[in-house]
Amino acid sequence: MTSLDRPALVAHAKDSIAKGSRSFALASRLFDREARERAWLLYAWCRKCDDLADGQDHGHGMSVIDDAADRLSYLTGMTEAAWNGTETGEPAFDGFGLVARECRIPRRYADDLIAGFALDAEEWRPRSEADLYRYCYHVAGAVGCMMAILMGVGPEDEAVLDRATDLGLAFQLANIARDIAEDAAADRCYLPMEWLAEFDVPPGRHMAPPFRPALKAMAKRLCDASERYEASARVGAQALPKRSRWAVLAAAGIYGDIARKVRDLGVHAWDHRVHTSKREKLLWVARARAQAAGTPEPAGREGLWSRADLEK
């Protein structure tokens with residue numbers, strides 16, 4: 001295929017999301033065709049970058065990598081080329097360039113996401129809770145903004161983009177809570193150092209059996225926060241077209257259940273990787289359809305992290 005053959009790029013992206021995330025793949029089917037294809041193209045680029053940064057294959061099998069700087073340089077250069085309309089020969093990057101031009105996605109959001117991969121390449125660790133939220137914005141909140149824009153939200157609609165950011169933060173906080181053990185195996189930890197000190201957990205020892213009660217308490221904080229950001233994002237979904245609102249609410253519920261399961265499992269949350277079953281996903285599809293036709297519970301943003309905090 002030629003790298004800018006749109007149907008071929010869409011087909012590649014569809015295969016990527018099917019392999020990388022059953023939850024997102026199912027939710028994406030609820031979009032209308034245009035939004036669905038654009039969501040696939042954006043996902044494929046995010047997945048490719050994430051896989052390069054983490055040494056994974058479609059989100060599976062994270063490993064310790066010894067060439068992080070080279071990988072970051074590669075994905076940055078390929079993204080730059082795709083952004084400028086240069087054919088890279090890599091479908092994930094060419095597809096991103098295509099959807100970025102179609103939807104006029106502001107460049108800052110792509111740069112913000114890559115900045116998150118740079119933090120991982122530097123073996124960065126959050127010191128404070130504010131650091132944690134800033135990281136979550138870079139690796140997920142910025143994606144929420146891009147997703148909102150490809151669903152028709154104006155790049156200048158800061159209020160709705162704040163809510164889209166909240167959905168990204170909700171997803172990432174759930175991911176961090178679920179993947180604490182997997183991250184530790186790859187020599188990563190996203191629990192703020194201030195939390196570890198508060199619970200008297202020595203650095204690098206948080207997975208040791210004596211510290212499971214402390215780990216349970218810290219994971220609960222992550223899951224509670226994920227739920228707060230999910231509630232805020234649900235309010236923002238009201239600004240989306242009906243099919244897009246349905247898809248977003250389904251994804252919010254499916255991913256929200258990951259956080260809720262981790263919280264409910266307590267010290268046993270990392271015995272096996274938490275997931276939602278096909279039946280649970282389909283129940284959320286049905287529930288979200290009804291929610292899309294109604295009005296969400298009011299949820300203000302008071303006390304939540306904001307994109308304005310990036311400047312602090």
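Predicted model: local features only at pLDDT ≥ 70, side-chain atom pairs only at ≥ 80, totals over all residues.
**Exercise 1.** Work out how helix 7 and helix 8 are oriented, and which residues bring them together.

*Solution.* Start with the geometry: two packed helices are described by the angle between their axes and the distance between the axes. For helix 7 (residues 129-150) and helix 8 (residues 158-178), the angle is about 130 degrees and the axes lie 7 Å apart. Helix 7 is therefore oblique to helix 8, since angles over 145 degrees would be needed for roughly antiparallel and 65 to 115 for roughly perpendicular. Next, the handedness: helix 7 crosses helix 8 in a right-handed sense. Now turn to the contact.

**Exercise 2.** Find the residues that touch the most other members of the largest nonpolar core, then look at the neighbours of Met146.

*Solution.* The core has 110 residues, and the ones to pick out are Trp45, Phe96, Met146 and Leu191. Helix 7 supplies the largest share of this core, with 15 residues. Leaving aside residues up to four places away in sequence, Met146 touches Leu42, Trp45, Phe96, Ile105, Tyr109, Ala110 and Leu113.

**Exercise 3.** Decide whether Ser244 is buried or exposed, and name its contacts.

*Solution.* First place the residue: Ser244 belongs to helix 12 (residues 242-265). Its relative accessibility is 1%, so Ser244 is buried, the cut-off being under 20%. Beyond residues up to four places away in sequence, Ser244 touches Phe31, Ala35 and Met151.

Conventions:
Residues numbered from 1 in each chain as written. Heavy atoms only, no water. Axes fitted to C-alpha atoms, helices over the stretch in contact; angles between N-to-C directions. Helix = DSSP H or I, 4+ residues; strand = E, 2+ residues; numbered from the N terminus. Parallel < 35°, antiparallel > 145°, perpendicular 65-115°, else oblique. Left-handed = near helix turned anticlockwise from the far one by under 90°. Contact = heavy atoms within 4.5 Å. Buried < 20%, exposed > 50% of the residue type's maximum accessible area, 1.4 Å probe, protein only. Core = buried A, V, L, I, M, F, W, Y, C linked by side-chain atoms within 4.5 Å.
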